[in-house]
Amino acid sequence: MSSQSRTRGASCVALSVAEDSPADSWRASFSIGEISFSIGGAGPYPVFGPQLELFRSRANSCDLEISLEWIDRLYPPAGRLLFDSGAVWTLHQDGDGYLFDFASDVVGPEPYKRLHIDKEFRSGRLLLNRKYFPDSVPNGPLDYPLDELLVMHRLGRERGVEVHAAGIRDAKGNAYLFLGHSGAGKSTTTRLWNQLPGMTVLSDDRIILRQHRNTNGQPEIWMYGTPWHGEAAFAAPEKARIERLFVIEHAPEHAPESEITPISGSIAVAEIMARSFLPFHDAVALENTMTFLQEMVAILPCYRLEFRPDITAVEVVQRFQS
């Protein structure tokens with residue numbers, strides 16, 4: 001760990017440890033999309049990734065609290081397999097709660113870490129396999145995809161969803177949200193908009209959407225930046241209220257300029273759902289998320305943007321919003 005990282009970590013320990021805690025105890029808090037979570041333990045202070053560090057919080061009490069522990073070996077879980085991501089993580093039943101295993105052939109045959117968590121995603125224990133962390137320094141204990149899984153499952157119990165999208169805010173506070181599948185042009189769209197002065201890119205790949213009520217009690221949709229960026233590598237702990245939503249697709253090759261057409265009702269719900277991170281293995285969270293999507297399209301006008309990868313993609317949206 002660099003001297004800069006050690007200094008930052010020591011500062012956070014001083015802010016977070018209670019007076020009656022052991023001297024080597026530490027606690028780190030983060031907030032993404034107004035979902036707060038903390039991790040704490042004893043021993044060397046962890047190294048967190050630079051993108052997650054942007055979302056550091058000083059909260060003393062969080063939505064989700066995790067304790068970190070070391071273990072000499074992780075045996076196969078006994079609970080029923082609920083979901084296999086096909087990548088590094090699997091989800092199992094764990095009594096009344098859940099168990100997430102993280103494993104990779106590149107690392108070794110055993111899981112390199114395991115999360116035991118209650119069914120409401122309020123409290124958990126993160127176990128690190130000592131075999132794969134020989135220096136006993138917790139290097140990236142919350143590294144992707146764990147941080148994203150924590151936020152996604154908490155959102156499923158509230159009014160919110162994570163979507164494949166680029167989110168941009170201009171100097172006047174106007175917000176622009178562009179949903180798109182991989183390869184649909186989110187990073188290209190972000191680069192085009194970022195050429196203009198005063199633009200803040202919340203993310204070029206993953207945005208959190210949440211419903212709030214204004215001072216008059218009217219529902220609004222807000223977007224939040226995340227640390228899980230795309231190839232353009234934009235990530236910011238910022239938020240903005242959105243007034244409309246664009247589903248982006250590449251325009252036909254010979255189209256004279258980018259074009260906007262409205263979509264609504266069940267079509268809009270289906271388009272957003274296809275670009276959302278949905279916990280299909282969690283019936284309660286899935287039902288809550290679907291209800292939120294239906295409420296969102298009733299509040300928020302939705303459009304399809306067939307865009308050319310040039311400045312006309314920006315101009316047509318600016319004309320439309322003015």
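The predicted model holds an open sheet of 9 strands with mixed pairing. The strand order is β3-β1-β2-β4-β9-β8-β7-β6-β5. Two strands form the edges: β3 (56-57) and β5 (81-84). Each of these pairs on one side only.

Strand β1 spans residues 25-32 and is joined to β3 by 2 bridges. The two strands run antiparallel. Which residue of β3 is the bridge partner of Ser29? The partner is Ser57. In general, strands of a sheet pair through backbone hydrogen bonds, either parallel or antiparallel.

Helix α3, residues 146-155, lies across β1, β2 (35-42), β4 (64-71), β6 (89-94), β7 (97-102), β8 (113-117) and β9 (123-129). Relative to β2, α3 runs at about 135 degrees.

Next comes a pair of helices. Two packed helices are described by the angle between their axes and the distance between the axes. Helix α5 covers residues 265-273, and helix α6 covers residues 283-299. They pack at an angle of about 125 degrees, with their axes 9 Å apart.

From α5 come Gly265, Ala268, Val269, Ile272 and Met273. From α6 come Met290, Leu293, Gln294, Met296 and Val297. The contact of α5 with α6 has 8 nonpolar residues, 2 polar ones and no charged ones.

Technical notes
Residues are numbered from 1 along each chain as its sequence is written. This is a predicted model: local features need pLDDT of at least 70, side-chain atom pairs count only at pLDDT 80 or more; totals for chains, interfaces and linings use all residues. Side-chain values use heavy atoms; hydrogens and water are left out. Axes are lines fitted to C-alpha atoms, for helices over the stretch in contact, and angles run from 0 to 180 degrees between N-to-C directions. Helices (H or I, at least four residues) and strands (E, at least two) are DSSP runs, numbered from the N terminus. Contact means heavy atoms within 4.5 Å. Ala, Val, Leu, Ile, Met, Phe, Trp, Tyr, Cys and Pro count as nonpolar, Asp, Glu, Lys and Arg as charged, and the others, Gly among them, as polar. Two strands pair if DSSP finds at least two bridges between them.
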